[in-house]
Amino acid sequence: MLASALALLALGAAPAGASAPGATAAPSATAPASTPAATAPTGAVPPCPVGAELLANTAGSVAERIYAAEVHSSETDADKRQIESYGPLLSAVQSGDHAAIHTAVHTLVYSHTHIVRLRVSRGSELLEDEGGPYILAPISGRLRLHGREVGHFVFSVQDDLGYVKLVTRFIGAPLVLRTDSGNVPVEGLLSPGPASIPDRGPVEYRGAGYQAYSFKADAYPSGRLRVSLLLPLPASLATKTCDQIKAAELGLVAQRISRRFALSGATFAPYIRLVHTMTHALVYVRAGSRTLAGSSHASPAKLPSSGALRWHGVDYEVSSFTAPMSAGQARVYVLVSH
């Protein structure tokens, strides 16, 4: 499910109010003459007094965005419409033909879309439930034939294992999933994990200190699911400003995502869209002084490898990394607004 989830996230809409992430190729690194010059703000800034909390909040927000993309996206909307309009399922549910219901549900689950589990009911009667064993992010809908409701359904496009893979590969932090029944038994989770994990705050596990970030999600087909990340706390937190901590963490997310792509002219746009969806940052890919692609047609004339930048009247903190391309190497710049 990892490849499908990557495609799902890459096609997700940009968050409202964010800078338009057009991910368009640019012929030159030089902005038009009317573009305001980028400048580096000056002045010493003290270390962040809430470094651990900020680190956890930054990484946790990415984990929440990954979960949200499993519930609200153009892909999940398309999958829901497919179920709602699938004639063989509608006819089978109306007639009560259990064999036909089973065949229709099986066909939908294995239709090469993103559906990983589908549950169909009529009233309080469960008619069919097919798919993987440990599923999250359920989406509900109703089945109507000729304007009359004949049943209802619950489906999901993501299993717990796929979500865990995405979070650990994009964020790199230990993860715990718990329902009312206890820990979810899937590969890749911290097991058994701390007996008690706060929503936010410090937690110790096997002699190591972490900062916890927990949020509420939904188990399949219903019920509570609690997602907890345990962020390791590097010693360098004590010397970094708040903007540096946030930019460095989101830069690492962008770098980890880049490893899931073979960066090239064909993949720059989906990569930039995915990073923007996960981080809300601006992204520019350069080879030397030449801009290959970016979140906007115009890009800053000069970009520091790291540090503060003011561009178009907005203050950013920049982080960057080198990434292999099909031919040579590129440097990816991640601009996080203050």
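Student: How much of the chain counts as buried?
Tutor: Of its 338 residues, 47% count as buried, meaning under 20% relative accessible area with a 1.4 Å probe, protein chains only. This is a predicted model, in which local features need pLDDT of at least 70 and side-chain atom pairs count only at pLDDT 80 or more, while totals for chains, interfaces and linings use all residues. Residues are numbered from 1 along each chain as its sequence is written, and side-chain values use heavy atoms, leaving out hydrogens and water.

Student: And how many helices and strands are there?
Tutor: The chain has eight helices and 16 strands; these are DSSP runs numbered from the N terminus, helices being H or I of at least four residues and strands E of at least two.

Student: Turning to sheets, what is the order in the open sheet of four strands?
Tutor: The order is 2-1-5-4, with antiparallel pairing; two strands pair if DSSP finds at least two bridges between them.

Student: Which strands stand at the edges?
Tutor: Strand 2 (125–131) and strand 4 (139–145) each have a single partner strand, so one side of each lacks a neighbour in the sheet.

Student: What joins strand 1 to strand 2?
Tutor: Six bridges join strand 2 to strand 1 (residues 117–122), and the two run antiparallel. R122 has E125 in strand 2 as its bridge partner.

Student: Which strands does helix 4 touch?
Tutor: Helix 4 (residues 87–95) packs on the sheet and touches strand 1, strand 2, strand 4 and strand 5 (148–156), where contact means heavy atoms within 4.5 Å.

Note on methods:
Buried < 20%, exposed > 50% of the residue type's maximum accessible area, 1.4 Å probe, protein only. Axes fitted to C-alpha atoms, helices over the stretch in contact; angles between N-to-C directions.
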